[in-house]
Amino acid sequence: MEKIFVSPGMYLQGENILIYRFGELLKFGKNGFVVTDTFVYELLGEDIIYGLKQAGCQIKVWLVDKENTTDLPAETDFVLAIGGGRAIDLGKSLALREQISCVVLPTSAATDAPASRISVNYDKEGYFQKYSYFSKGPDLVFVDTAILVNSPVHFLTSGIADGLSTYVEARTVWENKGINTLGGRPTIAAQALAEKCRDVLFADGLAAVADNMEKKVTPAFEAVVEANTLLSGLGFESGGLSIAHALHNALTSLYGKELKASHGQIIAVTTLIHLKVEGRSELSEYQAFFKELSLPTTITELGLQLDESSIAKVVELAFDKNDGIVRSKVKVTKEEVVAGIQAFK
C-alpha cells in the first residue's frame, strides 16, 4: 500500500499578523464568503470584513449560530472561516466540497482542525455523525497569536489534550501497519511530526498555560500553539487515528450534549483509556499532566455515569469499520476496551 502525506497550502503564524500580513488574505480573489459565529463576528469579524471590503472585496457572511444555510453565492472565489471548531469545520466543508480557495483563521488553539482536510459533522444536539473527507486542504491557515492569547485558558488546555493524543494514536497505526485518515500508510514524516508534537506539549505546555493566563505571547506560547494546530493537524491526518478518537466519536454519537466537555476534554479521558488498553508505560505521566492542566481524567468528570450496558454500546460503536480502531488494525478485543473504560469511569 502506498504512503500518503498531506498538508495545507501555507501555514502562517505570528503575533499581530492580522495587521502586518493582512495582504495574505487578499490573494484568493475578490468575492469572499465569511463563515463565523455572532460572538467572533462582533469580536473581530467585522473589522476583518471591513478591511477586505476596503481592499475591493465583495463579502457575504454566514453566522452559523443564526442561519441554517450551506449554499455558496455564485462566483465565490474563497471561503474565510473565522472562529472555533464549528465555524472552521463548516467553512472548510463549503470550500473544499466546491474545490474553491479556503482560508482558516482560528480564534483559539483548542483543536487541530484548522490544518486538516477533514471536517467533523455533528447534528444540532451535538451528536457525532461522521467525518467528511476532501481532496484538498485549506490554502492558508492564518494563526495570529495576539488573538489566541486572549482566548480563555481552557481552549488551550483542550488543544493540548487533543495534541497529546496525536502521537499515541499515530504510533498505534504505525506499529500495527494500519491506515491513516487518507486511506494509505503513514509516512516517516507524519510519525516524526506527531512525536515532536508530544515533546513540545510536555516541555512547554504548563509554561504556555501560565503565559495564556497573563495574556503574554512568549516562545512557549508560540510553540504550543504551533503544536496544537500544525504539528497535531499534520500528525493526526497523515499519521492516523485509533482508539482514543474512536471512543470520542462513540461517546458523542450516543450522548451528544449530555457530555459536559469540549472535544479536547473528552479526548483527554479517551487517550488515557487508549494507553491503558495498550498497556503503555507512560500512562501515569499523561494522567498526572492532565491533572496539572485541570483536564478531566474520568468519564464521570465528562458528565456521564455509564453502566455495563452503556459501556458495551460505546465499545460496539467504537469498533465501527470506518473508525479508528478498525482502520488502525490495533490488536485489541472489545473486552479489553471495556476494561479500559471501566478503569476510568
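User: What makes Arg185 count as lying over the face of Trp174?

Analyst: A charge sits over a ring if NZ of Lys or CZ of Arg is within 6 Å of the ring centre and within 35 degrees of the ring normal. Arg185 lies over the face of Trp174, at 5.8 Å from the ring centre. Arg198 likewise lies over the face of Tyr167, at 4.4 Å from the ring centre. Keep in mind that this is a predicted model, where local features need pLDDT of at least 70 and side-chain atom pairs count only at pLDDT 80 or more. Side-chain values use heavy atoms, with hydrogens and water left out.

User: Why is the pair of Phe202 and Tyr286 called edge-to-face?

Analyst: Rings of Phe, Tyr and Trp (its six-membered ring) pair if their centres lie within 6.5 Å; planes under 30 degrees apart are stacked, over 60 edge-to-face, and the rest tilted. Here the centres are 5.1 Å apart and the planes at 90 degrees, which makes it edge-to-face.

User: And why is the pair of Phe202 and Phe289 called tilted?

Analyst: Its ring centres are 4.8 Å apart and its planes sit at 50 degrees, so tilted is the word. Phe202, Tyr286, Phe289 and Phe290 form one aromatic cluster.

User: How do you know whether Tyr286 is buried or exposed?

Analyst: Buried means under 20% relative accessible area, exposed over 50%, and partly exposed in between (1.4 Å probe, protein chains only). Tyr286 has 1%, so it's buried. Phe289, at 5%, is buried too.

How values were computed
Residues are numbered from 1 along each chain as its sequence is written.
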